[in-house]
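User: Please take a close look at one loop and at what its surroundings connect to. I would like a careful, connected account that states the cut-offs behind each term.

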Amino acid sequence: RSFCYVDDLVEGIIRFMNQDEYIGPMNLGNPVEFTIKQLAEMAIKHTGSKSKLINQPLPHDDPKQRRPDITIARNLIKWEPKVPLEEGLKKTIHYFANVDMRTFKKPTQHDAHMNSNTETEAKKRKVTKT
């Protein structure tokens, strides 16, 4: 996966908008790849979470590489990401640790987090309850 800290990405977008030589497309992102496992391990380390990682098979259509080619951005707008993943993750964790969640509405009900097995089990439970 390719993770780019939001401040870096916004800087790239602004630089792209402020030039008139090139109309695009232009890749912006971080050419350094990490696995989801590496991201999860960093998140656990920096949050002190007791979460355990569960490995699941990748979806069949999951791209094997997500490394953007930022050559045009480097050459034309002199841009590349500056914030490494671990530093960006620490900043993000710090931000959310200090957000007053009482100022936000409760999330709406959804089932996007349910996979087909969980959904089938939930339906079975509903049938047996009635």
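Analyst: Lys78 sits in the loop between helix 3 (71-76) and helix 4 (85-97), where helices are DSSP runs of H or I with at least four residues, strands are runs of E with at least two, and both are numbered from the N terminus. This is a predicted model, in which local features need pLDDT of at least 70 and side-chain atom pairs count only at pLDDT 80 or more, while totals for chains, interfaces and linings use all residues. Residues are numbered from 1 along each chain as its sequence is written, and side-chain values use heavy atoms, with hydrogens and water left out.

The backbone of Lys78 has a phi near 55°, a positive value in a residue other than glycine. Most residues other than glycine have a negative phi. Lys78 is also exposed, because its relative accessible area is 59% and exposed means over 50%, buried under 20% and partly exposed in between, with a 1.4 Å probe and protein chains only.

Glu86 counts as partly exposed because its relative accessibility is 28%, whereas Lys45 is exposed at 58%.

Helix 2 covers residues 36-47, and its end C-alpha atoms are 16 Å apart, in agreement with the 16 Å that its twelve residues should span at 1.5 Å a residue, where the expected span is 1.5 Å times one less than the number of residues. Just after helix 2, Gly48 takes a positive phi of about 75°.

Asp62 is buried, because its relative accessibility is 11%. Asp62 also pairs with Arg66, with 2.7 Å between the closest N and O atoms, and the shared partners join Arg1, Asp62 and Arg66 into one network.

Conventions
Salt bridge = Lys/Arg side-chain N within 4 Å of Asp/Glu carboxyl O.
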